[in-house]
Amino acid sequence: MSEIFSATVSAPTNIACIKYWGKASIPLNTPINDSVSVTLHQKDLKAVTTASCSASFKEDKLWLNGIPVSLEGNKRFYSCLNGVRALAKEKGKFDGMKVHVSSYNTFPTAAGLASSAAGYAALTFAFKELFDAKEDYEGQLSTIARQGSGSACRSLYGGFVAWRKGNDPYNNGEDSMAVQIAPESHWPEIRALILVVSDKKKDTSSTKGMSTSVATSKLLAHRADSIVAKRMEDIEKAYLRKDFESFGKITMMDSNQFHATCLDTYPPIFYMNDISKGVIQLIHKYNEFCGEIRAAYTFDAGPNAVLYTLEKYQIEILALVLHCYPCSDKSAFVSNSNLAEEARAFKLSDELVDLVAVNHASVGDVKVVYCTESGPGPLRLDDKESLIDLVTGDNLYNS
Ligand code: DP6
């Protein structure tokens, strides 16, 4: 057996405040508009990936959550592999070697949370570490992760991260890349509550949904041409001056507009369900009651709600969520048991309780609540955490 080279990394997910929806070029996977997101901390949600290569490996192999997956015709995977290998510092050292990759994520499948951003960010970063790749220009790696999944490019950085669509997204993807607006240390008080909402229907994949939207929605074209640029400018400024009122308002308006473009798609796409809409009403009532924006909702291509707030309001909002969304299993309902305990002991104002009396949902409408915050980009892990046996090249991970 020849030497096995390897690298193990973890990468975060991100939740957009200004949404990416619509591709300018399908082969390049470039977007029709800029987008921006908060990178979430990896303590709860992350993808972990080991990439290895050796002259002894006979074929490329991939295991996802311990299960072997065929790589035949997997354009996204090979764009990442070939893109990063071409940047290896020692030219030619790894050429021709087959790779063995094993990856898992901590996103419970049943939760329906998107994991492609974390998955492709982890894959790209694992190849970077494996091949000791060096960018020719800053942001180049994110242009490679983008070809795995658009939103993955933003997961290569921590904090608040924009994806610039690039100057020529129709012919050249070189500058369609992620740029860090502020590291996670800039606004450490930002918190995210993820409400995993029950969903019985099958959803439309982002890739398919956005292609129908581009083909049929005039509202989407208008959004890309006339709305997003100003919103990007405003939300970046708001984030930098830690102005939650503006940050929250723009975030909610952009989520609403994204879902309006889904309704304007023909045939229409419905990602939010009645439970999602109930969360929207609840948050507006809460903000109105407070006389300011203390919580902002946003929804991706599914019914789960992500609420952004600040540390000082987190317990009150969690208490409100626990009050309106009864659960069957208290111990498993909130990811962080200390916060759950504090929220259960928190006394909501009687006036607020009266105001939201009609917002009481059924048991199980919200299945789990993750309480998290902003965090760093991908991290290199110790070889002890390898998901590949570094002697035999076999997968070690079993879910
Ligand atoms: C609604 O990045 O999953 O979450 O590039 O086709 O892989 P592909 O799409 P993907 O789309 C994410 C869409 C979104 C908005 C966002 O994250 O900006």
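Which of the 18 residues around the ligand come nearest? They are Tyr20, Lys23, Ser149, Ser151 and Thr207, where a residue is near if one of its heavy atoms lies within 4 Å.

## Basis of the model

This is a predicted model, in which local features need pLDDT of at least 70 and side-chain atom pairs count only at pLDDT 80 or more, while totals for chains, interfaces and linings use all residues. Residues are numbered from 1 along each chain as its sequence is written, and side-chain values use heavy atoms, with hydrogens and water left out.

## The ligand site

Domain 1 (5–183 + 381–385) and domain 2 (190–373) both give residues to the shell around the ligand, so the ligand lies between them; the domain bounds come from an automatic or database assignment. Helix α4 (residues 206–216) provides the largest share of the shell, three residues. Helices are DSSP runs (H or I, at least four residues), numbered from the N terminus.

Oxygen atoms of the ligand lie 2.6 Å from a polar side-chain atom of Lys23 and 2.8 Å from one of Arg154. The protein buries 94% of the 460 Å² that the ligand exposes when taken alone (Shrake-Rupley method, 1.4 Å probe).

## Aromatic pairs

The whole structure holds 19 aromatic pairs, that is, rings of Phe, Tyr and Trp (its six-membered ring) with centres within 6.5 Å. One of them joins Phe244 and Phe247, which are 5.7 Å apart centre to centre with 50 degrees between the planes, a tilted pair; planes under 30 degrees apart count as stacked, over 60 as edge-to-face and the rest as tilted. Both residues lie in helix α6 (residues 244–264), three residues apart.

Technical notes
Helix = DSSP H or I, 4+ residues; strand = E, 2+ residues; numbered from the N terminus. Polar contact = N/O pair within 3.5 Å; in protein donor to acceptor, adjacent residues only side chain to side chain.
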